[in-house]
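Here is a short report on one protein chain. It starts with the whole chain and then turns to single residues.

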Amino acid sequence: MENGRFNRRMLFSFLHGCRIFFAVSILASMASSLCELVIPKIISFTVDFLLGGDSSGVPVFLSDAASLLNEREIPQALFLIACIILGISVLMGLCKYLENVFNRKGAETLVENMRNRLYEHIGRLPFSWYMKNQTGDIIQRCTSDVETVK
């Protein structure tokens, strides 16, 4: 049990300085997913109600607002809906960009913390350990193991 707590503490110590990056990345991912869910609903409403005249499944506040449209105002409503979809698409692209940037920044900070801790640990090892292990093996382990975790 003690070993399990130590591993959690070690994990959280590696996450020091990069938690906020991962949190923002997760929030941006959630916002992007929400945008992906909203666009088909808007298109569904547009096709079903404005163009098809079917009001089943349309929220009351939207059907009341849309019922005020006459045939001359439908092109303006379609233009407004297209602008809304474009705005949501731009917002979705921005969220995906932020997700990518903050995820990469968090990963690089995490790897930097791991490398620094590993360097400090290797610096404290006794000289006899260095005599038993070849320099190339030590360097290869340090670089490849950290990259594997990344």
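Among contacts between residues at least 6 apart in sequence, 73% join residues at least 24 apart. The model is predicted. Its secondary structure comes to 6 helices and 0 strands. Along the sequence, the pattern reads α-α-α-α-α-α.

Next, the surface. The chain has 150 residues, and buried ones make up 22% of them. The accessible surface comes to about 11200 Å². Carbon and sulfur atoms account for 65% of that surface.

| Residue | Relative accessibility | Class |
|---|---|---|
| Ser25 | 7% | buried |
| Cys35 | 7% | buried |
| Cys83 | 36% | partly exposed |

**Ser25**

Ser25 sits in helix 2, which spans residues 19-51. Ser25 counts as buried because its relative accessibility is 7%, and the cut-off for buried is under 20%. Which residues does Ser25 contact, leaving aside its neighbours within four places in sequence? They are Glu99, Phe102 and Asn103.

**Cysteines**

How many disulfides does the chain have? The count is 0. Take Cys35. The closest cysteine sulfur to its own is in Cys95, 5.3 Å away. A disulfide needs the two sulfur atoms within 2.5 Å, so the Cys35 and Cys95 sulfurs are too far apart for a bond.

Cys35 is buried, at 7% relative accessibility. Cys83 has a relative accessible area of 36%. That value falls between the 20% and 50% cut-offs, so Cys83 is classed as partly exposed.

Technical notes:
Residues numbered from 1 in each chain as written. Predicted model: local features only at pLDDT ≥ 70, side-chain atom pairs only at ≥ 80, totals over all residues. Heavy atoms only, no water. Helix = DSSP H or I, 4+ residues; strand = E, 2+ residues; numbered from the N terminus. Buried < 20%, exposed > 50% of the residue type's maximum accessible area, 1.4 Å probe, protein only. Contact = heavy atoms within 4.5 Å. Areas by Shrake-Rupley, 256 points an atom, 1.4 Å probe, with all protein chains shown as cover.
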